[in-house]
Amino acid sequence: MGNARSSAVSKEILDDLKLNTKFTESEISQWYENFQQQCPTGRITSDEFQKIYERFFPDSDAKNYAQHVFRSFDTNDDGTLDFKEYIIALHMTSSGKMALKLEWAFSLFDVDKNGYITKAEVAEICHAIFKLIPKEQQSQLPSDENTPEKRANKLWSYFDKKDNERLAEGEFIKGVTDNENALRLIQYNPQK
């Protein structure tokens with residue numbers, strides 16, 4: 001039954017999302033309706049997020065990556081996202097030519113949320129990204145990035161760090177900004 005208010009997204013959230021994402025008002029309203037149906041509590045869990053996320057990558061195994069995306073947006077660590085966090089998560093990670101927000105990318109790679117990235121964390125995310133790449137595309141990758149390990153090594157090499165050193169956010173952002181290849185390696189853009 002629900003009252004009228006809950007069936008429409010608030011103007012404040014709508015304006016905010018129109019400003020911060022590439023979605024139109026009608027798209028956001030449509031997302032909101034779906035969200036209300038799937039998540040009547042107004043919060044989405046990691047499992048639900050994974051299911052929705054997998055639709056963006058029908059030819060891949062997106063589960064692992066979706067978990068990392070979810071973690072990076074669950075800023076208060078309560079195991080759920082609200083509608084706004086959810087839309088921004090979708091926007092950041094699914095828009096084809098994603099203007100990759102590097103602060104977000106840093107939080108994606110900072111698996112334990114301690115403010116630094118280690119080579120092991122880079123390897124963990126590279127594994128998750130690799131699973132997003134359909135098998136037939138994996139076989140066409142350059143020989144120095146055709147496994148998750150090689151991809152992680154190549155990416156780490158841009159940061160001028162020893163294997164046991166840590167990377168701070170500023171260093172990560174600079175390293176990725178200075179190297180087009182690094183930017184390409186921290187994401188996967190489905191070929192349209």
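Helix axes here are lines fitted to C-alpha atoms over the stretch in contact, and angles run from 0 to 180 degrees between N-to-C directions. Helices (H or I, at least four residues) and strands (E, at least two) are DSSP runs, numbered from the N terminus. The model is a predicted one, in which local features need pLDDT of at least 70 and side-chain atom pairs count only at pLDDT 80 or more, while totals for chains, interfaces and linings use all residues. Residues are numbered from 1 along each chain as its sequence is written, and side-chain values use heavy atoms, with hydrogens and water left out.

**View 1. Helix α5 packs against helix α8.** The axes of α5 (residues 63–73) and α8 (residues 119–132) are 8 Å apart and meet at an angle of about 125°. The pair is therefore oblique; angles under 35 degrees count as roughly parallel, over 145 as roughly antiparallel, 65 to 115 as roughly perpendicular and the rest as oblique. From α5, the contact (heavy atoms within 4.5 Å) uses Asn 64, Tyr 65, His 68 and Arg 71. From α8 it uses Glu 124, Ile 125, His 127, Ala 128, Ile 129, Lys 131 and Leu 132. Sorted by class, five of these residues are nonpolar, three polar and three charged. In this sorting Ala, Val, Leu, Ile, Met, Phe, Trp, Tyr, Cys and Pro count as nonpolar, Asp, Glu, Lys and Arg as charged, and the others, Gly among them, as polar.

**View 2. Helix α5 is mostly covered.** Of the eleven residues of α5, eight are buried. Buried means under 20% relative accessible area, exposed over 50%, and partly exposed in between, with a 1.4 Å probe and protein chains only. The buried residues of α5 are Tyr 65, Ala 66, His 68, Val 69, Phe 70, Arg 71, Ser 72 and Phe 73.

**View 3. Val 111 lies in the loop between α7 (102–109) and β3 (116–117).** Leaving aside neighbours within four places in sequence, Val 111 is in contact with His 68, Arg 71, Glu 121, Glu 124 and Ile 125. The C-alpha atoms of Val 111 and Ser 72 are 8.1 Å apart, although 39 residues separate the two in sequence.

**View 4. Phe 172 belongs to the largest nonpolar core.** A nonpolar core is a set of buried Ala, Val, Leu, Ile, Met, Phe, Trp, Tyr and Cys residues joined through side-chain atoms within 4.5 Å. The largest one has 53 residues, and Phe 49, Phe 109 and Phe 172 have the most contacts inside it. Helix α8 gives the most to this core, with seven residues. Outside the four places on either side in sequence, Phe 172 is in contact with Leu 102, Ala 105, Phe 106, Phe 109, Ile 117, Phe 159, Leu 167 and Ile 186. In soluble globular proteins, nonpolar side chains tend to be buried together.

**View 5. Glu 169 is in helix α11 (residues 169–178).** This residue is partly exposed, because its relative accessible area is 32%. Not counting residues up to four places away in sequence, Glu 169 touches Glu 103, Phe 106 and Gly 115. Its C-alpha atom is 9.2 Å from that of Asp 110, which is 59 residues away along the chain.

**View 6. Asp 77 and Asp 160 each have a positive phi.** Most residues other than glycine have a negative phi. Asp 77, with a phi of about 55°, is in the loop between α5 and β2 (80–82). At 54% relative accessibility, Asp 77 is exposed. Asp 160, with a phi near 60°, is in the loop between α10 (148–157) and β4 (167–168). Asp 160 is also exposed, at 72% relative accessibility.

**View 7. Lys 84 is in helix α6 (residues 83–94).** With a relative accessible area of 32%, Lys 84 is partly exposed. Apart from neighbours within four places in sequence, Lys 84 is in contact with Ile 13, Asp 16 and Leu 17. From Lys 84 to Trp 156, 72 residues apart in sequence, the C-alpha distance is 32 Å.

**View 8. Cys 39 and Cys 126 are both buried.** Relative accessibility is 1% for Cys 39 and 0% for Cys 126. The whole structure has zero disulfides, a disulfide being a pair of cysteine sulfur atoms within 2.5 Å.
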